[in-house]
Amino acid sequence: MAEKEGILVIAELSPAGAPDTVALELLGLGARLAASSGKQLQAAAVGGDTASAAATLIASGAAAVFTVEGSAYAAYDPDLHVTALEKVAEEAGPSAVLIANTTVGQDLGPRLAFALKAGLTTDAVSLEMKGGALASTKPICGGNAMAVFVSKGKPALATVRPGAGDAAEPDASRTGETVKVDVEAPSPRLSFGDKVLEEGEDVRLEEARVIVSGGRGLGGAEGFEQLRELAHLLGGAVGASRPPVDAGWWPSTQQVGITGKIVSPEVYVAVAISGSSQHLSGISDSRVIVAINKDPEAYIFKVSDYGVVGEWQQVLPALSSRIREIVGD
Ligand SMILES: Cc1cc2nc3c(=O)[nH]c(=O)nc-3n(C[C@H](O)[C@H](O)[C@H](O)COP(=O)(O)OP(=O)(O)OC[C@H]3O[C@@H](n4cnc5c(N)ncnc54)[C@H](O)[C@@H]3O)c2cc1C
């Protein structure tokens, strides 16, 4: 039976209708909050067909899944999704609502908060319940300090960086309730002229466990081919600082930093990147930072866990070849 005042995770679904990796991570984080506060862990799935998503969310720990489904919801539409989730929130009456800080989540979060007349903390890297209130920790001052925001009202909303939680091992024997929510979808105010599939990497930057990024010191687009090889060996994605993006060497979707993507991989390899504050504020939540730079005074060495002083043209092939030996590719 769905309880009021639960912890509600908004699950983003893939085009095929499965919950994204970040949704399952968020559910893992929500499970900790629910356990520490004695609240129920819930999820919301809005999509074309939500049956399999609901089963996965229950297997991953949700005690109740609120679904809104129909062909109109197959792709993200701000008006339709906000209206659907507003209705879900009305039905579920959650105390906290967790949204992934993805491209969709960054759009959805503020809209939903406005619709619910609720407070929102964006870009949280960790969450806890303090005296029944949601406390969200987030980087401030370009990533140089952390601040804790405690929400007063209910529900309290937070968008949370991918990688902040650990997904639970799915267990098909877990049971939970699926609550279908009927919503009268408003007429869409937006119509999408064309949809273009984002080109490029097999692994999305926001979800990558390993990111190899290149900077201006690569000198051109060719250098990125070598980064791609290293990233491939490590099962990761290729990012960039802003200058290579401005110069057209690498797609803007792959820019890391304050005006690009905020990432939190297990390993971030910065190649020929100096370490500006704008870049660092996008990577401060990485578990391990490795820097390769020819300038021993480069600021990136001050924030990295491992550093190699040298020309990338020499370091990268040696590194790739050693990793190839180890992984046997
Ligand atoms: C409002 C605003 C927003 C911004 N947003 C972002 C953002 O989101 N992301 C971002 O990245 N930047 C952003 N910037 C730009 C930022 O200020 C820096 O200019 C940028 O991060 C520098 O990129 P870089 O480190 O690649 O280049 P540089 O600072 O030029 O550093 C290049 C590095 O390469 C090294 N190098 C050169 N040749 C070699 C070699 N052969 N082998 C090894 N190392 C070599 C050099 O020693 C140097 O350290 C923003 C700026 C502004 C004003």
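The following legends describe close-up views of a predicted model.

Because the model is predicted, local features are given only at pLDDT of at least 70 and side-chain atom pairs only at pLDDT 80 or more, whereas totals for chains, interfaces and linings use all residues. Residues are numbered from 1 along each chain as its sequence is written.

**View 1**
The protein chain is divided into domain 1 (7-180) and domain 2 (205-327), with bounds that come from an automatic or database domain assignment. Taken over C-alpha atoms, the centres of domain 1 and domain 2 are separated by 30 Å. Domain 1 gives twelve residues to the contact and domain 2 gives eleven residues; two residues are in contact if their C-beta atoms, placed from the backbone, lie within 7 Å. On the side of domain 1 that touches domain 2, five residues are nonpolar, five are polar and two are charged. In these classes, Ala, Val, Leu, Ile, Met, Phe, Trp, Tyr, Cys and Pro count as nonpolar, Asp, Glu, Lys and Arg as charged, and the others, Gly among them, as polar.

**View 1. The shell around the ligand.**
The ligand is surrounded by 25 residues, of which Gly 215, Gly 217, Ser 241, Gly 257 and Ser 274 are the closest; a residue is near a molecule if its C-beta atom, placed from the backbone, lies within 6 Å of it. Helix H6 (242-246), helix H7 (277-280) and helix H9 (312-327) are the elements that give two or more residues to this shell. Helices (H or I, at least four residues) and strands (E, at least two) are DSSP runs, numbered from the N terminus. By class, the shell has six nonpolar, 14 polar and five charged residues.

Helix H9 has 16 residues and reaches 21 Å from its first C-alpha to its last, close to the 22 Å expected at 1.5 Å a residue; the expected span is 1.5 Å times one less than the number of residues. Trp 312, Leu 316 and Leu 319 of H9 are buried. A residue is buried if 20 or more other C-beta atoms lie within 10 Å of its own, exposed if 12 or fewer, and partly exposed in between, with C-beta atoms placed from the backbone. The three buried residues lie on the same side of H9 because they cover an arc of only 70° around the axis, the arc being that of the directions from the helix axis to the C-beta atoms. These buried residues pack against H5, S13 and strand S14 (288-293). The face turned away from the buried side carries the exposed residues Gln 314, Ala 318, Ser 321, Arg 322 and Glu 325. Just after H9, Gly 328 takes a positive phi of about 70°.

**View 2. Two residues with positive phi.**
Lys 117, in the loop between helix H4 (103-116) and strand S5 (119-124), has a positive phi of about 55° although it is not a glycine. Lys 117 counts as exposed because 7 other C-beta atoms lie within 10 Å. Ala 272, in the loop between strand S13 (267-271) and H7, has a positive phi near 55° and is likewise a residue other than glycine. Ala 272 counts as buried because 27 other C-beta atoms lie within 10 Å.

**View 3. A cis peptide bond.**
The peptide bond from Lys 154 to Pro 155 is cis, with omega near -5°. Pro 155 is placed in the loop between strand S8 (145-150) and strand S9 (156-160).
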